[in-house]
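Here is a short report on one protein chain. Look at the structure first, then read on about its charges and its overall build.

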Amino acid sequence: MARAVRGDKKHALRPYRELAAPFVVAAPTGCRIRTRLRLSPGDETVLRAVGMQLGALAGADLAERVRIGTVPAALNQRAERKKALTSQSSARWAGSITRTSEDQYKLACRALNEHIGSLRQSIRTIEDRLAVAAGTVERRGRRTVRGYTDGSERRAKQQRLQLLKARLRNALRERASGQVRITRGGRALLASRQHLYDHIEAPKPLTEEAWRAEREGWGERWAARRLFLTADGEAGAPFGNYTISIDPTDGTVSMVLPEPLRARYANAPRGRYVLGARAQFTHRGQEWADRIAAGGPVRYDVSFAPERGRWYLDASWSTVNKGRTAPAVQLEALRGHPVLAVDVNADHLAAWLLDVHGNPVGRPHTVALELSGLPAPTRDARLRQAITQLLDLARRHACAALVIEDLDFADARATGREKLGRGRRGKAFRRTVSGIPTAKFRDRLAGMAHHAGLSVIAVDPAYSSKWGAQHWLNPLKNTQTSDQSATSGHHAAAVVIGRRGLGFPARRRSDGPRQTPQPRAAPSRGRAGAVRPEDRTGPAVPAPPSHRPRTRTERTAPARTSRSANTPSGVLARQTRASPAGQHPPQSPNTVRGPSRPGEQPNPPGMPGTANLGQPH
């Protein structure tokens with residue numbers, strides 16, 4: 001099966017791409033919980049002093065690591081750097097600093113490689129479109145390349161091409177030297193200082209006191225970002241961490257002070273400081289206590305939120321042994337239970353329940369998810385609230401898994417400016433695409449579903465919206481007699497996503513050979529039983545059928561309705577015709593649809609295994 005390409009007078013057909021096989025999303029391998037520390041002024045003074053002392057050491061060590069460049073792990077001089085830091089902090093603080101510097105350097109290298117790939121992809125896209133005359137379309141193999149609309153847009157893209165090439169040369173030079181750019185505290189926050197006056201929402205012009213307050217506020221945020229209060233856990237250490245220890249019985253928090261601060265702030269033996277505040281983890285606190293009782297390592301991070309004036313303590317640990325992965329449920333076992341299919345959109349989540357036969361059950365479900373223009377904590381809270389509603393819905397209907405699209409818009413984000421429209425409409429569409437929280441939603445859903453006893457199945461997102469609107473939208477609207485407007489194309493796409501996760505094709509019944517045999521005088525040269533793309537369920541894709549027009553003798557004869565075998569007259573009537581997609585005859589008590597899987601026998605309505613829409617089994 002192929003699809004026609006617009007702009008070509010001959011209507012050239014482009015084949016559908018092969019669909020990737022569904023898979024079960026791996027369960028999270030770690031856990032992180034948070035609590036608030038209600039510090040006294042004295043405790044806050046000590047934490048600030050420790051964070052600034054260690055932050056300065058962390059910045060110096062990171063600069064040294066960047067200077068070393070891209071070398072094997074045995075040549076990164078971590079032992080020498082740790083020894084130099086120990087005299088200014090402690091051995092355990094120095095180990096956390098060098099480990100963090102190594103992680104930041106590797107992350108910056110990966111980000112630089114992705115940036116180079118994005119630049120090359122954008123340059124390739126612009127060059128392909130510049131090679132075509134403005135206002136024309138050119139066919140290149142299986143691809144269709146469209147030129148720019150007019151000469152002014154073409155000249156603007158030529159200028160942008162030179163800018164992207166210059167950026168690519170600088171990025172390649174940076175990668176070759178191994179000295180990547182890293183900003184402790186965040187590059188966005190640093191850049192905001194250069195435009196601080198423009199970003200102020202207060203009425204302008206500002207008074208001297210207001211301007212001084214804005215600068216001090218930015219300085220406080222910058223200093224809070226650059227504090228270093230991270231202590232790695234140790235197996236067998238008291239309470240899982242010697243540097244920062246928390247007693248689970250009463251919540252007492254104590255920490256090791258750096259060597260220069262011990263004489264001034266230490267209030268406990270061995271250069272330690274005991275906070276007056278108590279730490280209590282309400283969320284998954286029992287797991288944390290069990291982890292400590294078992295002697296497992298626990299990492300602690302202390303952070304300060306200047307916009308709220310609050311201090312927080314995070315505890316994190318690994319749930320699996322190093323080098324291993326969490327066990328996952330087999331896909332075939334999940335397919336024996338109902339599932340909840342979810343289609344992720346910019347402002348809502350469209351969901352529908354599917355039974356084990358791939359039939360939509362009940363009514364559509366819409367979960368609001370408005371995240372644009374909100375701060376990060378609010379976005380995360382709304383995302384967790386939406387996922388909680390999905391999990392409650394899945395558990396209420398005894399579902400074993402949730403089916404989502406394996407979608408991250410990596411290609412769209414890399415070349416969206418060159419492909420996804422122009423002007424205000426194109427910019428708005430690109431903003432919508434970049435605002436869909438695909439990666440964050442998938443990660444949050446995998447973690448929360450795992451703790452709720454559910455699994456997550458990820459499927460290939462190709463053609464889900466197109467085939468949902470083609471094969472499912474009208475039938476689903478016909479079954480919703482109360483409010484047809486509640487069913488949208490996103491809900492139809494969710495049905496296709498769910499059927500794909502269950503191993504069923506996108507269409508409502510398989511496309512087998514037609515009922516009327518071909519006359520012997522004019523045998524058919526076409527391929528009998530050709531499989532449509534929406535009928536494929538896995539990566540094994542048959543060869544596309546021939547696209548030559550049929551002759552009159554090859555056309556399917558008018559369909560008819562035959563009596564089912566071994567049934568009284570007028571009791572059951574089985575459809576033997578292949579109606580066009582989305583135009584099946586209306587349901588009636590005496591109508592039985594074909595089986596969803598090849599080889600299954602049809603059953604009367606209301607019995608298990610039927611394909612009637614909206615009838616749970």
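## Charges on the surface

R36, R38, R308 and R310 form a positive surface patch. Patches are made of residues with over 30% relative accessible area and no salt bridge, with like charges joined within 9 Å. Lys and Arg count as positive, Asp and Glu as negative, while His and the chain ends are not counted. The place of a charge is taken as NZ of Lys, CZ of Arg, CG of Asp or CD of Glu. R310 sits in strand β12 (residues 310-318). R310 is partly exposed, at a relative accessible area of 30%. Buried means under 20% relative accessible area, exposed over 50%, and partly exposed in between (1.4 Å probe, protein chains only).

This is a predicted model: local features need pLDDT of at least 70, side-chain atom pairs count only at pLDDT 80 or more, and totals for chains, interfaces and linings use all residues. Residues are numbered from 1 along each chain as its sequence is written, and side-chain values use heavy atoms, with hydrogens and water left out.

## Salt bridges

Side chains of opposite charge can pair when their charged atoms come close. A salt bridge is a side-chain nitrogen of Lys or Arg within 4 Å of a carboxyl oxygen of Asp or Glu. By this rule there are 23 salt bridges. Three of them are listed here.

| Salt bridge | Closest N to O |
|---|---|
| E208 and R212 | 2.8 Å |
| E287 and R284 | 2.7 Å |

E208 and R212 are four residues apart in helix α7 (residues 208-225), so about one helical turn separates them. E208 is exposed at 54% relative accessible area. R212 is partly exposed at 34%.

In the second pair, R284 is buried, with a relative accessible area of 17%.

D380 and R384 both lie in helix α11 (residues 376-396), four residues apart, about one turn of the helix. D380 counts as buried at 18% relative accessibility, and R384 as partly exposed at 34%. Elsewhere, shared partners join R32, R34, R299, D301 and D314 into one network of salt bridges.

## The whole chain

The protein chain has 17 helices and 20 strands. These are DSSP runs, numbered from the N terminus: helices are H or I with at least four residues, strands E with at least two. Of its 617 residues, 41% count as buried.

Definitions and conventions:
Patches are made of residues with over 30% relative accessible area and no salt bridge: like charges are joined within 9 Å, nonpolar side chains (Val, Leu, Ile, Met, Phe, Trp, Tyr) within 5 Å. Accessible areas come from the Shrake-Rupley method with a 1.4 Å probe; for residues, only the protein chains shown count as cover.
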